[in-house]
Amino acid sequence: MHSWCDTDKEEFEEKGMTSTYLIMDNVSVVRFFILSGLNETNDYRVTLFTFTLLYYCMILFFNISIIMIIILDQNLHEPMYILLCSFCMNGLYGTTCFYPKFLLDLFSSSQQISYEWCHLQAFVIYSFACCEVSILAVMAYDRYLAICRPLHYQSVMTKRKVSQLICFSWFTPFCILSINILLTSRLKLCGVKIDRLFCVNWAIVKLACYESDTFSNNITAYFTIIIYFSHGLFIIWIYMHLIRTCVKSKNERGKFMQTCVPHLASLFTFIVAVLFDLMRMRFGSTDLPQSLQNFIAIEILLLPPVMNPLVYGFKLTKIRNRILGCVFLQENYRH
């Protein structure tokens, strides 16, 4: 009995990709995966490379600028801005695992990715998404205290408390996703073809052999979804209280528009990206054009990393003033 689909094996052997398989004790072991999301981009890969490189440079510039402004300006060493700094760092963390590899793939004849790197990429992208939800939940809690409990804000949001919340928003996803990836790594796989631009855990699990036990993978996956869905419910509950408070006070309404609208914009962008990808992954049709499937798949790595620093940079007064100050200082220096 073969360990995987003979058709897959024959297809890749014909293309000279015999290194994709390693035979050990008459059992085929996966060494590489094939990412087939770029199959229909041969005619415009140079254009795609140029725009992708420019876009990735924008992501790096916007996020690093916000991070450096917050780090260098002592006046911005407040909970809200420290959380924003963590938010932008997470954007860099997630995109760095995708864009460099994607740019290399555009000029590669075969979009191979090693077994280990595929699991690492899946871990980083999943943990990036979960960190995004956790940080949004912590930022909502911060705004709740600032607007609804202003007298208790300073005593609650101490430096130690902020550090604990940031650690929670990073290490909890890391621990949960480590379990998911470890469970996936024990599966015996019967295929190597992933119909995406990057590796995700669910796509690897779908390659498991028929006799492989994926029950624990499904349980941990649904457990992870429940945890971060509860984060979303927590954010909704927070904003119900915020809106209720702000309706009663004109002053609080102004504070809400100033600090909460960017947060809501980030939340909306992230939710749209995740929902589209989940719908495509779970219920998606192969009849959709490959380019549309690719766009839906990378939307979470496309919109939030650029929208977040732009929205916060333009909307938050202190950040905006600091940026404008740097621009005018540079202009004066030139003259």
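Cys 190 is buried, at a relative accessible area of 15%, where buried stands for under 20% relative accessible area, exposed for over 50% and partly exposed for what lies in between (1.4 Å probe, protein chains only). The model is a predicted one, in which local features need pLDDT of at least 70 and side-chain atom pairs count only at pLDDT 80 or more, while totals for chains, interfaces and linings use all residues. Residues are numbered from 1 along each chain as its sequence is written, and side-chain values use heavy atoms, with hydrogens and water left out.

The partner of Cys 190 is Cys 209, and the two sulfur atoms of this disulfide are 1.9 Å apart; a disulfide here is a pair of cysteine sulfur atoms within 2.5 Å. Cys 190 sits in the loop between α7 (159-185) and β5, and Cys 209 in the loop between α8 and α9, so the bond ties together parts that are 19 residues apart in sequence. Helices (H or I, at least four residues) and strands (E, at least two) are DSSP runs, numbered from the N terminus. Cys 209 is also buried, with a relative accessible area of 3%. The angle about the S-S bond of Cys 190 and Cys 209 is 100 degrees, and the link is right-handed.

How many disulfides does a search of the whole structure find? It finds two. The other one joins Cys 118 to Cys 199, with 1.9 Å from S to S. This pair links distant parts of the chain, 81 residues apart: Cys 118 belongs to helix α5 (residues 115-148), and Cys 199 to the loop between β5 (193-194) and α8 (201-205). The disulfide of Cys 118 and Cys 199 is left-handed because the torsion about its S-S bond is about -110 degrees. Both of these cysteines, Cys 118 and Cys 199, are buried. When the bonded cysteines of the protein are numbered in sequence order, the pairing reads 1-3, 2-4.

Cys 130 is in no disulfide, and the nearest cysteine sulfur, in Cys 131, is 7.3 Å away. Cys 130 is buried, at a relative accessible area of 10%. For Cys 85, the closest cysteine sulfur is that of Cys 88, at 7.0 Å, which is too far for a bond. Cys 85 is buried as well, with 8% relative accessible area.

The C-alpha atoms of Ile 225 and Cys 130 are 9.4 Å apart in space, although 95 residues separate the two in sequence. Ile 225 is partly exposed, with a relative accessible area of 43%.

Next come the charged pairs. Side chains of opposite charge can pair when their charged atoms come close. The whole structure holds two salt bridges, each a side-chain nitrogen of Lys or Arg within 4 Å of a carboxyl oxygen of Asp or Glu. In one of them, Asp 105 meets Lys 101, with the closest N and O atoms 2.6 Å apart. Asp 105 and Lys 101 are four residues apart in helix α4, so about one helical turn separates them. Asp 105 is buried at 5% relative accessibility, and Lys 101 is buried at 13%. Leaving aside residues up to four places away in sequence, Asp 105 touches Leu 35, Leu 38, Arg 45, Gln 111 and Gln 112, a contact being heavy atoms within 4.5 Å.

The other salt bridge is between the side chains of Asp 142 and Arg 143, at 2.8 Å from N to O. Asp 142 is buried at a relative accessible area of 1%, and Arg 143 is buried at 7%.
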